[in-house]
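Let's take a walk through this model, one piece at a time. Have the structure open and follow along.

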Amino acid sequence: PMTDRKTFRIFQEGKMAGIFQFESSGMQSYMTRLQPTQIGDIIAMSALYRPGALNARVDEHRNAVDLFVDRKHGREAIDYMHPMLEGILKETYGVIVYQEQVMQISQVMGGFSMAKADNLRKAMGKKKPEIMEKFKADFIAGGVAQGVHDTLATRVFDLMSEFAGYGFNKSHSAAYGVLAYWTGYLKAHYTIEFVTAVLNSEIGDTERMKHLTDEAKSFGIATLPPSINKSDALFSVENSSNGRSAIRVGLSAIKQVGGAARAIVTSRMRRKRDFLNIFDLTASVDLRVMNRKALECLILAGACDDFDPHRARLLANIDKAIKFGQMQNRTVTMGQCGFFSNEEGQEGDIHYPELDNADMMPDGEKLLHEKKLVGFYLSRHPLSAYRRDWQAFANLPLNTKEIVKNKQYKVIGVVVSLKPYQDKKGKQMLFGAIEDFTGKADFTIFASVYEQFG
């Protein structure tokens, strides 16, 4: 249905990750200001949110998009200029938005034929003054013939000419707007399935995956870490015992794992049972596909925590596990039946090696590996221990879209990147990025500040 409140709420709240053509931060900001309540609002915004309309000034402080928003919310009176134009401009609150509206106005007020109205549209796009003057004279004459004052007819024509700098074709906007609405409907009513599908279309793009999982959190949807025994190759929807669904990270979302993800899932499904330990894993999956690097990344991303949450110990035993797996595969190739007691793959009397011990991996190191390999923290956020400090101290969450110029803000976060740089005078400065619970922001440390606080 094209009047679904739940769908409009997606646009009103700016939760538009994965929504066709409406994902940019600027578009999200305008949609939250617009608070769309009908499909026409979405169609209009797909036409208005373009450089021409964003740069077209209606006064010192506003562009064409601001005017549209202000008129929708009654902050400015809607002006149709003449009663005969109300039917044409009503859906866009008196603002000329579409090329088709220009054609209709030239027909209704200027008395143009359909063909001549289309020629006017083309001429406006090409901005040829001599041709425009001829059309203008014809338009004013046609208006006067219908009882429209020449001053008003001139004003209407001049407004249409200004519009030519950003006018967009309504049929194109409608196609974009309706497709955006459909994706919004799916997101509103099948949220977890929608987000999971979008994650799979963006797999490998860590920034996008983080953005999507962060937004999923705002819908109350948890993201579960990759698991050697529970993950599919791709992101999947997992139903828990408490009845709440969550998104499970797919094994192929881990960098360097590649084709090993599919091989692991295929082996698990064929055997119809979970892997028992790291030795069971290497004995069961083709080690030409799941090589040492893939196994290392699986461990560091936490996918092998099912076997042992002590990741450093698993890392220390990789070579032993690979050697065990190679020996077992050699045994099977030679036709010996030492591993399984029957053809169904039921486990026989198997003696797995003991794990060699190792020092525990520090929490901070675990989190850094997760972030590097998947794109976001899985166990917990490194700021978790400081949440109360963050709430008390920071007055700017890093996902804030609107920032007041020349105001001082306090932020608290984790520095996630640093790049040293020399300015023109040869002095040291830094570019970097900082991240909190809500998002990420870039920052610059200029030379004067670096000298003092470097």
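Two strands count as paired here if DSSP finds at least two bridges between them. Helices (H or I, at least four residues) and strands (E, at least two) are themselves DSSP runs, numbered from the N terminus. Keep in mind that this is a predicted model, where local features need pLDDT of at least 70 and side-chain atom pairs count only at pLDDT 80 or more, while totals for chains, interfaces and linings use all residues. Residues are numbered from 1 along each chain as its sequence is written, and side-chain values use heavy atoms, with hydrogens and water left out.

Start with the sheet. It is open and made of 3 strands in the order E4-E5-E6, with antiparallel pairing. Strand E4 (414-422) and E6 are the edge strands, each pairing on one side only. On average, neighbouring strands are turned by 15° against each other, direction ignored; the axes behind that angle are lines fitted to C-alpha atoms, for helices over the stretch in contact, and angles run from 0 to 180 degrees between N-to-C directions.

Now zoom in on E5 and E6. A hairpin of 4 residues links the two, and 6 bridges hold the antiparallel pair E5 and strand E6 (residues 440-445) together. Leu430 has Ile445 in E6 as its bridge partner, and Ala433 stands opposite Asp442 in E6.

Which residues of H19 are buried? They are Lys366, Leu367, Glu370, Lys371, Leu373 and Val374, where buried means under 20% relative accessible area, exposed over 50%, and partly exposed in between (1.4 Å probe, protein chains only). Just after H19, Gly375 takes a positive phi of about 110°.

Over in H13, have a look at Glu215. Glu215 counts as buried because its relative accessibility is 11%. Leaving aside residues up to four places away in sequence, Glu215 touches Gly14, Lys15, Met16, Ala17 and Lys187.

Gln21, between helix H1 (5-12) and helix H2 (25-34), has a positive phi near 70° without being a glycine. Its 44% relative accessibility is why Gln21 counts as partly exposed. Met81, in the loop between helix H5 (64-72) and helix H6 (86-89), is another non-glycine residue with a positive phi, near 75°. At 13% relative accessibility, Met81 counts as buried.

Definitions and conventions. Contact means heavy atoms within 4.5 Å.
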